[in-house]
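Please keep the sequence and the model in view while reading.

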Amino acid sequence: MMKKLLAGVLCWGLLFAAAPAARALTVEPASDRTFDLPCQAAILIDEDSGTVLYEKNADEQRPVASITKVMTLLLTFEAMEEGRIRADDLVPVSEHAYHMGGSQIWLEPGEQMTLDDMLKAICIASANDAAVAVAEYVGGSEPVFVSMMNETAAALGMTNTHFENACGLDAEGHLSTARDVAVMSREVLLNHPQVKEYCTVWQDSLRGGETQLVNTNKMLKSYTGITGLKTGTTGKAGVCISASAERDGLRLIAVVLGSASGQDRFDAAAALLDYGFANYENAAAPLPDPAPQTVAVKNGVENEVGLRYTAPQAILQPKGGAAGLTAELHLAQELTAPVAEGAQAGTVVIRRGEEEIAAYPVVADGDVEARSFAFCFRRLAGALLLNDKNFVQNE
């Protein structure tokens with residue numbers, strides 16, 4: 001019986017080993033049949049859980065213009081965190097970067113600018129020349145960097161995305177989807193939150209004040225809680241945005257592709273975010289009562305091990321749904337040594353009424369070695385010595 005129980009626990013462990021920081025209810029996304037938007041494709045997701053709350057042609061491949069730079073930023077921040085590059089590094093400008101058209105900061109061949117300033121130019125002014133210069137600095141060349149972009153897209157499950165350049169200028173085969181844009185936007189926001197420090201700057205300057213930067217995301221001035229992220233416009237892509245916002249602990253990402261104008265783009269993104277904030281909230285995960293702090297260990301050098309409840313940071317719920325959440329604990333009676341820290345000992349199932357909406361593992365909070373012959377011999381010898389001393393004292 002115990003073996004069956006532990007086997008079940010192991011299966012639960014495999015299911016939840018890669019559990020995200022937040023859990024969500026099952027949602028039937030709203031669609032353009034519920035309400036339409038002035039764009040060709042769109043999606044709204046919860047940033048923490050990735051749950052889709054609205055979609056319109058979300059898997060239709062389209063050019064995405066400068067929203068491409070979200071992937072360029074993602075790879076750049078990864079390189080910084082790995083210590084391969086630093087914000088104060090001087091990034092050189094090649095002839096190739098100089099010849100980028102569209103939005104730019106008029107970099108000159110041979111000019112150098114700090115990576116920090118290049119990031120400002122990318123995030124605030126959507127500068128194509130800066131994006132390509134950074135791509136060359138990180139990857140060695142833009143083609144190598146684009147290969148890195150496509151490899152990362154594949155690893156993230158962006159199955160309908162292919163990049164041809166680092167800046168988003170129209171190019172044959174350079175395509176993505178609203179869903180894939182949401183995936184890479186979520187990745188950079190969750191794992192590289194410093195991107196918000198650049199994307200939420202309204203105005204800045206470069207070259208000692210000679211070059212003025214004004215953010216292309218006008219929602220910074222018009223939408224409460226906006227945290228980013230990136231706009232884009234080309235002839236083939238139309239007018240696009242990946243907009244992120246946070247209110248009362250709920251973080252949302254709205255992607256709008258193929259609008260006819262800047263105002264349509266911002267109106268569509270605002271409508272999506274308004275819908276999400278009006279209808280959903282993030283609730284704290286309830287703990288089971290009682291919530292044991294230890295579990296017994298069989299054949300271990302210790303008789304028990306502490307427990308850690310890996311509760312998600314938040315659970316996405318319909319507005320007002322948090323009050324009905326309950327937690328149900330399924331815990332093994334004992335574990336068999338050796339027990340490794342992080343080994344699963346049980347599961348907490350979260351319900352709203354009878355509906356199971358989330359589950360998370362309960363794990364060992366330390367290691368417990370199995371008893372060896374040497375350990376048992378030392379324990380026996382110690383007990384005999386203690387008994388012998390007690391006998392002499394009693395005499």
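## The chain as a whole

Among contacts in the chain (heavy atoms within 4.5 Å) between residues at least 6 apart in sequence, 66% join residues at least 24 apart. The chain holds 11 helices and 19 strands, where helices (H or I, at least four residues) and strands (E, at least two) are DSSP runs numbered from the N terminus. Of its 395 residues, 49% are buried, a term that means under 20% relative accessible area, with a 1.4 Å probe and protein chains only.

This is a predicted model, in which local features need pLDDT of at least 70 and side-chain atom pairs count only at pLDDT 80 or more, whereas totals for chains, interfaces and linings use all residues. Residues are numbered from 1 along each chain as its sequence is written, and side-chain values use heavy atoms, with hydrogens and water left out.

## Helix H2 against helix H4

Helix H2 (residues 69-81) and helix H4 (residues 115-125) have axes that come within 11 Å and cross at roughly 160 degrees; such axes are lines fitted to C-alpha atoms, for helices over the stretch in contact, and the angles run from 0 to 180 degrees between N-to-C directions. H2 and H4 are therefore roughly antiparallel to each other, the class for angles over 145 degrees. Their crossing is left-handed, which is to say that the near helix is turned anticlockwise from the far one by less than a right angle.

On the H2 side, Lys69, Leu73, Thr76, Phe77 and Met80 meet Leu115, Leu119, Ile122 and Cys123 of H4. By class, this contact has seven nonpolar, one polar and one charged residues, with Ala, Val, Leu, Ile, Met, Phe, Trp, Tyr, Cys and Pro counted as nonpolar, Asp, Glu, Lys and Arg as charged, and the others, Gly among them, as polar.

## Helix H2 against helix H7

H2 also packs with helix H7 (residues 178-191), at an angle of about 30 degrees and with the axes 9 Å apart. That makes H2 roughly parallel to H7, the class for angles under 35 degrees, and the crossing is left-handed. Here Val70, Met71, Leu74, Phe77 and Glu81 in H2 meet Met184, Ser185, Glu187, Val188 and Asn191 in H7, a contact with six nonpolar, two polar and two charged residues.

The buried residues of H7 are Ala178, Asp180, Val181, Ala182, Met184, Ser185, Val188 and Leu189. They pack against strand E3 (41-46), H2, helix H8 (195-199), strand E9 (226-234), strand E10 (238-247) and E11.

Leu250 lies in strand E11 (residues 250-259) and is buried, with a relative accessible area of 2%. Leaving aside neighbours within four places in sequence, Leu250 is in contact with Asp46, Ala245, Gly276, Phe277, Tyr280, Glu281, Asn282 and Leu316. Although Leu250 and Asn282 are 32 residues apart along the chain, their C-alpha atoms are separated by 5.6 Å.

Buried residues of helix H10 include Phe266, Leu273, Gly276 and Phe277.

## Ser31

Ser31 has its place in strand E2 (residues 30-31) and is buried, with a relative accessible area of 11%. Beyond its neighbours within four places in sequence, Ser31 is in contact with Tyr54 and Glu55.

How values were computed:
Angles under 35 degrees count as roughly parallel, over 145 as roughly antiparallel, 65 to 115 as roughly perpendicular and the rest as oblique. Buried means under 20% relative accessible area, exposed over 50%, partly exposed in between (1.4 Å probe, protein chains only).
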